[in-house]
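Dear colleague,

I am passing on the structure we spoke about, and below it you will find my notes, arranged by chain. Please read them with the coordinates open beside you.

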Amino acid sequence: MPVTNYRTEQEFFVDMQRCIGCKACEMACSECETNGHESMIHVNYIDRAVTVQTTVQVCMHCDDPVCANVCPADAITKDEFGVVHTANTARCIGCSNCVMACPFGVPKKDEAYDLMMKCNMCYDRTSAGKKPMCATVCPTQALYYGTREEIAKMRPNSTPVNNFIFGKESVSTKVNIMMPKGSTSLIID
Amino acid sequence: MDMSLNKKALFIATGVSLLLISFVFYGSRKLQNFDPALIIYLFGTVFAFFGIVYRYTVWLQRPPTWMYFKRTFQFFFTGKIFLHVISFAKEFIQNIGFQKFIYPRGRSRWIGHFLMATGCTMAFCVTFPLTFGWINFTMNPATSINPSRVHMYEAHFFGFKMFEFALGSFVAFVIFKALYWCSWLVIAGVLIFMRRRLTNAGLVATQTFEGDLLPLILLLAIAVTGLGLSYGYEYMKGIAYDYMAVTHAITVIMFLIWIPFGKFFHIIQRPAQIGAHIYKKEGIKRGMAVCPHTHQEFATQLHINDLKIVTKELGFDFTLEDGTSHLDLSPEGKRSRLAMAHLKARQQNGGNLFG
């Protein structure tokens with residue numbers, strides 16, 4: 001990667017209970033230069049039949065990314081800042097292994113491009129010391145990008161968690177999810 | 001990164017390289033038709049061949065790659081692959097020949113890539129057989145001794161005469177200048193891509209010099225010095241010939257030995273895309289997986305079952321308490337289950353919104 005101003009003290013904090021489904025993040029995401037102006041963020045209804053609650057999902061940038069491990073073409077890489085980059089366009093063979101294996105349901109396969117695309121934390125912005133597009137526009141701060149001190153001050157009853165249990169698998173990530181104070185992990189069963 | 005030597009890959013790459021050398025020896029009629037001026041290119045090509053086979057073999061041994069490779073052979077031996085021969089041929093022309101999938105990503109991007117790919121492929125078809133001594137040209141002796149007759153040139157392949165053509169004819173012009181056309185195609189394609197890489201903010205942020213810009217510079221250097229070789233003696237009395245010859249050889253050999261390690265390896269990987277399409281088509285025939293959360297079909301059951309095997313081989317186990325797998329969920333189902341788990345944690349903590 002070229003010389004960057006990536007600010008390692010800044011982190012991503014997601015709080016889906018705050019998501020109001022306005023999709024401002026989707027619009028902002030499609031402004032990101034590194035996505036080729038495609039929105040990579042996911043906003044979807046959790047269970048439309050029983051609730052209007054929506055959820056928002058960015059790439060969690062796993063410490064040991066399953067997507068990169070299952071990629072048969074070595075198209076997905078993690079950089080020195082822990083950002084897991086979208087598929088290398090020359091290498092990706094469009095098999096969708098990453099799409100189906102990601103425990104967070106993040107990568108998207110664009111059928112016309114025959115290419116997987118995913119959030120790379122607005123690398124054009126974060127590498128220049130700026131915040132990701134989605135976090136700058138979220139009106140409820142369900143998506144927040146800043147320091148741990150800032151989030152601790154703003155959300156005194158929350159704890160950022162970056163450890164997720166999927167059955168027998170424990171996945172740790174660069175991105176945090178805000179949980180009730182004192183939580184250490186989020187169990188998905 | 002694993003830097004240890006892969007013995008299996010070393011064995012296969014050595015064997016295949018020796019086979020190539022024997023083909024060069026016998027294909028050039030025991031070096032009779034081999035052009036010694038190209039010896040340095042031959043060394044570069046054999047080394048590149050060794051590297052490509054080594055890297056390819058290492059690549060195939062990765063669990064996800066091996067799964068696709070294994071399935072392809074299983075379809076083949078159960079006769080299923082024959083059902084896909086027509087679509088394979090169609091896709092090969094569309095996706096390898098014309099790189100159709102790049103067009104939706106951007107028209108100028110496709111034009112640039114198509115020009116580079118066509119120029120390089122044509123150049124490979126000309127230079128590899130020439131370097132191996134499989135193609136050679138001779139003067140027809142019957143016409144060469146008579147100054148009043150049109151001189152005829154003969155083209156040979158593996159030492160067998162294929163056809164002849166008159167010197168100075170249009171055919172001679174096209175054949176002798178084949179690499180000119182390749183060079184101009186490559187130069188046009190490289191310039192389109194260089195403009196893109198220097199002006200697209202997203203690419204500027206994520207590209208690397210050695211991974212993305214150097215390959216373009218290398219292709220440009222090969223094409224320009226290649227043209228310089230010919231135009232140098234045609235229009236500059238050969239003044240720059242030595243410089244062009246040495247620079248051309250260095251850049252070509254750098255390109256060749258770098259194929260297995262850098263950007264150009266995608267040329268070797270790309271046909272796997274067709275394999276992935278056949279895998280999907282075959283999977284659709286066998287049945288689709290239905291997400292337990294959204295109750296919608298989202299992938300082939302074959303794919304999901306194989307991914308469960310592959311992830312376990314890679315050290316990930318997404319088996320849930322009830323014996324099902326987290327991988328049984330569609331991407332949307334997974335996102336929803338995560339949000340539901342978050343809600344459950346909140347409910348266990350009194351149920352109120354927390355901030």
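**Notes on the two chains**

In chain B, 59% of the contacts with a separation of 6 or more are between residues 24 or more positions apart. Please keep in mind throughout that this is a predicted model.

The secondary structure of chain B comprises 16 helices and five strands. Its radius of gyration is 27 Å, whereas the globule rule gives 20 Å for 355 residues, so chain B is more spread out than a compact globule. The C-alpha trace of chain B extends over about 100 × 50 × 40 Å along its principal axes, and 29% of the 355 residues of the chain count as buried. The domain assignment divides chain B into domain 1, residues 7-273, and domain 2, residues 288-347, and the C-alpha centres of these two domains of chain B are 44 Å apart.

For chain B, the unreviewed UniProt entry places the feature "transmembrane region" at residues 6-26, 38-56, 68-89, 110-135, 170-193, 213-233 and 239-261. I looked at two of these spans in the model. Residues 6-26 of chain B are 95% helix and 0% strand, with end C-alpha atoms 30 Å apart; residues 38-56 of chain B are likewise 95% helix and 0% strand, and there the end C-alpha atoms lie 26 Å apart.

Helix H9 of chain B, residues 178-199, deserves a separate paragraph. At 1.5 Å a residue its 22 residues should span 32 Å, and the distance of 32 Å between its end C-alpha atoms agrees with that expectation. The buried residues of H9(B) are Cys182(B), Ser183(B), Leu185(B), Val186(B), Ile187(B), Gly189(B), Val190(B), Ile192(B) and Phe193(B). As a reminder for reading that list, an α-helix has 3.6 residues a turn, so residues three or four places apart point the same way. The partners against which the buried residues of H9(B) pack are helix H6 (107-132) and helix H11 (209-235) of chain B.

Turning to the contact between the chains, 50 residues of chain B and 53 residues of chain A take part in it. On the side of chain B that touches chain A, at least two residues each come from helix H3 (63-77), helix H10 (201-206), helix H13 (265-269), helix H14 (272-286), helix H15 (301-313) and helix H16 (331-347) of chain B. H16(B) provides the largest share of that side, with 13 residues. Sorted by class, the side of chain B that touches chain A holds 25 nonpolar, 15 polar and ten charged residues.

Chain A has six helices and nine strands. Its radius of gyration of 16 Å agrees with the value near 16 Å that a compact globule of 189 residues would have. The C-alpha trace of chain A spans about 45 × 40 × 30 Å along its principal axes, and 54% of its 189 residues are buried. Of the contacts in chain A with a separation of 6 or more, 52% are between residues 24 or more positions apart.

Asp74(A) lies in the loop between helix H2 (66-70) and helix H3 (97-101) of chain A, and Ser96(A) is placed in the loop between H2 and H3 of chain A. Asp74(A) has 16 other C-beta atoms within 10 Å and is therefore partly exposed, whereas Ser96(A), with 22 C-beta neighbours inside 10 Å, counts as buried.

With best regards

Technical notes: Residues numbered from 1 in each chain as written. Chains lettered and ligands numbered in written order. Predicted model: local features only at pLDDT ≥ 70, side-chain atom pairs only at ≥ 80, totals over all residues. Helix = DSSP H or I, 4+ residues; strand = E, 2+ residues; numbered from the N terminus. Expected span 1.5 Å × (residues − 1). Buried ≥ 20, exposed ≤ 12 C-beta atoms within 10 Å, placed from the backbone. Contact = placed C-beta atoms within 7 Å. UniProt positions renumbered as here; feature names shortened; annotations may be inferred. Domains from an automatic or database assignment. Nonpolar A, V, L, I, M, F, W, Y, C, P; charged D, E, K, R; others polar. Rg over C-alpha atoms; globule rule 2.2 N^0.38 Å.
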